[in-house]
Structures are given as C-alpha cells and as structure tokens.
Amino acid sequence: MSTTWGPRDEDRAGGAALILDLTPAHDVRIDAGTKGFPALTGSVRAVDVAAAGWSLPRDLRAPVMTLRATALDHNLALMASFCRNHDVDLVPHGKTTMAPQLWDRQLEAGAWGITAATVAQAAVMRSVRVPRILLANELVDGPSIDWVAAQLGDPDFDFVCYVDSLRGVAILEERLGAAGAPRPLGVLVEIGHEGGRTGCRTVDAALEVAGAVAASKRLELAGAAGYEGTIGEGRSLDAMTAVSAFVDRLGELARGLLERGAVRDGAIVSAGGSVFFDVVADRLREALPEGSGARIALRSGCYLTHDHGTYERNSPFSGRADPALRFHPAIELWGRVLSRPEPSLALLGFGRRDAPFDTGMPVPLSIHSPSGDPTRAARGIEVERLNDQHAFCRVDPKTPLEVGELVACGISHPCTAFDKWRVLPVVDDHLRVVDAVATFF
C-alpha cells in the first residue's frame, strides 16, 4: 500500500490507485489571485503544479501555508499501523481539511470511510465519490434529510448519522417517509456528557431512543457513538479518568444494544478524536462482547497534519522518544518580516485571515534570509497577537531579525487552519513544490 506523496501517474491517468474522483480538486485553477502562489499572468491547474518547478522561498509569495510531504506520509503510515495493531477502523474527520486529495490518501492508507459534521460537507464528499460517510451529528434539518434520502437510492453508498432524542427519531421518520427514501437510514444512538455537546446524557435515555429507532420503518439501528474530546483539557490524570469513564459508558451502551439484539450485523461503535483515541481503542475493545463482530471506528482527523501546538502537547504519541513513533507536524505558515519598528517588536505579514488562533498563537520555528544565508532557528521570538493581516511578535532585542526575512511558523489546531486557504502547496524537505492541495469549504 503506497502512501508516498507526489503526483502519481495513476492520478493523472485516472488509474486504479485513485480511490476518489479527484477531478474537481485537480482542475482548480491557480492564478495571480491565489494566496501564497506566484503572481501568474495566466493560470495553472492544481494537478500541474509539480511540473512548474517552484520552490520556497524563491517563488511562493508570503504569506503562504505549506504542507510537508514527508510528514504527511509518515503520519498516514503511523496511524494506519496503530489501527491495525489495535484492530480498530479509522473514519477520519474530513472537516479538518475538506481536501479530497487528502481524503483519498487516507482511504488509500486503509481508512474505512470519511466523517462529516454537516450535510454540506457530506455533499462535497459524495461529489468526489467517498463510498462511506459517517455524519457525526444529529440530522434534523428537513432539506438536509431530503438530500440524504435521495442518496439512499444508490445501493453502493453507505451513510449513517447520529440520533439522540425521541423527537429526532420522529423528525427523521416523517421526513424520510415524505421524501420516499428507498431504504432505511442507518443511525447511531449518541451518548454525551453533562455540559458537553449533543448526545443522550444517560445510558437509559440512549436505550429509550434505540427502542424508538427499532420501532421505526424508516430507520435502522447501526450502533452507538460518542465524543470524548470535550471532557478534559489535555491528558492530565483528571482528564484521563473522566475520559475513561465516558468511554466505559459508551461501551456499556453498545454492549446493551448488542445483548438485546437491537443492532444490525456489523454494529458500529464510534468515538475517538485526535487526543484520546488510544483510550477509546483500548477500553472499547475490553467492553464489547467477544465475537460480537462490532466495528470500533475512530474519527481522528488531526493526526494527518498534526501541529506544533495543542496536538503536539496532547497526542498519545507525543511522549515517545523515538521520532519514528510520533506524529510529525506537516503544516508550516510562512510570513515576511514587514517591520521592526521597536527593538522588542517585529511585525510579520500574516494574521487572522491566514492562521488559526483559537488554541494558541503560531510558533516561530526558523528564519530564512532572502540573501541565501543559512537558515537559523527562530529563538527569542514569540507571536503575541494577531490582527487581520499582521502578527505582533515580541522579540529579544539581541535577536537578529531583519525586514524582508522569512519566518516559518508552526500552528495550533489544523481544524481552523485549512478553511483559510483555497489551495495549499505541498513541499518536500528541500522546499520544492511537489503538489497542490485544494480545499472545498
């Protein structure tokens, strides 16, 4: 199974290595208005970028957010290995990137399907022929239910969503009937936690909802689901204890459904963001009856690109001494030094329109001189705040940092990074552009 990045001959020829129909992504046009790319007089298709011979910092315009090819390859392989070793499936959250090219790589590396948070996201996935979509959310919007009902006409398309209330069951039942859905819709009963997002707050409540699903002619109970990522901050002892208790409760619900014979064959039990997926894999496997045939489906999305912030601090792999056993940050945000108006202040040319900032500021990594001087570490520099287009950096007055130099930064939280970029260049370890990834937010 190949995960090596770069334009594949099979991509260009439409051959067997392609899992999805990537034509919409490949046909995206890069022109003078495409942020981060050269100021072209014409346009270039995304699929043809590798042939242009561009590199950073020679050709790309700052600000630019890049993806490191070797890190993507490494992370794909490492997560696939974890899933094989723990006998779990991966249905990565597609909302993280909304990039069909990256979904294709995840499926090629063994992902069982792709997760969506909204029906609009699911429609993008469907447009590139993602064969299996897990909507990790309740489905109660009438027009969205109509769209799902129409997709159920394809017998080869697999779609499941969440339900957490009797009213939600009734809405699905009524609207699917009115839309003439040709087959039942698979649903996962969701269990939540107090103060958290959606989901039944008790196992008894979830079992009651499951009973309503079983009585429905338009629904089919596919299993149970939950999300543990909003329970605790980081991997402190308190957080790990609370997360473990929640996963055990999800396991109790799933076991109850299986023992009652309420769920269809191949039951899905799904949880697992990008921080506690190890806890989910271990504890759910212990909770489920041996030989049940239930499928544990992790929904981790941020493992693919990782980051230099929240996931680098909290990933279950971050404590490993061997770099080969850790995720590698793949995202780098590059900005020029626009001004150093005070000895302790520098302004970089990126801001809130370019960088995520909800879980931490960008982290300066290295400084690149336009004169070609050797790259140096970005010591004594800290991004303190962002405006729309500017990053305010506190700088040690003794730190050499000149106007016009390029600063590479890591980011925190990939989920709020990709939506700021229509196309991202993929670079190799020599900063040569080897591909371009288009997003569809």
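This report looks at one serine and at one pair of packed helices in a predicted model.

## Basis of the description

Residues are numbered from 1 along each chain as its sequence is written, and side-chain values use heavy atoms, with hydrogens and water left out. Because the model is predicted, local features need pLDDT of at least 70 and side-chain atom pairs count only at pLDDT 80 or more, while totals for chains, interfaces and linings use all residues.

Ser274 is found in the loop that runs between β10 (268-271) and α10 (277-287), where helices (H or I, at least four residues) and strands (E, at least two) are DSSP runs numbered from the N terminus. Its relative accessibility is 10%, so Ser274 counts as buried (under 20% relative accessible area, with a 1.4 Å probe and protein chains only).

The side chain of Ser274 reaches the backbone nitrogen of Gly301 at 3.3 Å, and a polar atom of that side chain lies 3.0 Å from the backbone nitrogen of Cys302. Leaving aside residues up to four places away in sequence, Ser274 touches Ser300, Gly301, Cys302, Tyr303, Tyr311, Ser315 and Pro316, contact meaning heavy atoms within 4.5 Å.

## Packing of α6 and α7

Helix α6 (residues 142-151) packs with helix α7 (residues 166-179) at an angle of about 55°, and their axes are 9 Å apart; the axes are lines fitted to C-alpha atoms over the stretch in contact, and angles run from 0 to 180 degrees between N-to-C directions. The contact is made by Gly142, Pro143, Ile145, Asp146 and Ala149 of α6, together with Ile171, Leu172, Arg175, Leu176 and Ala179 of α7.

Key. Buried means under 20% relative accessible area, exposed over 50%, partly exposed in between (1.4 Å probe, protein chains only). A polar contact is a pair of N or O atoms within 3.5 Å; within protein, one must be able to donate a hydrogen and the other to accept it, and residues adjacent in sequence count only if both atoms are side-chain atoms.
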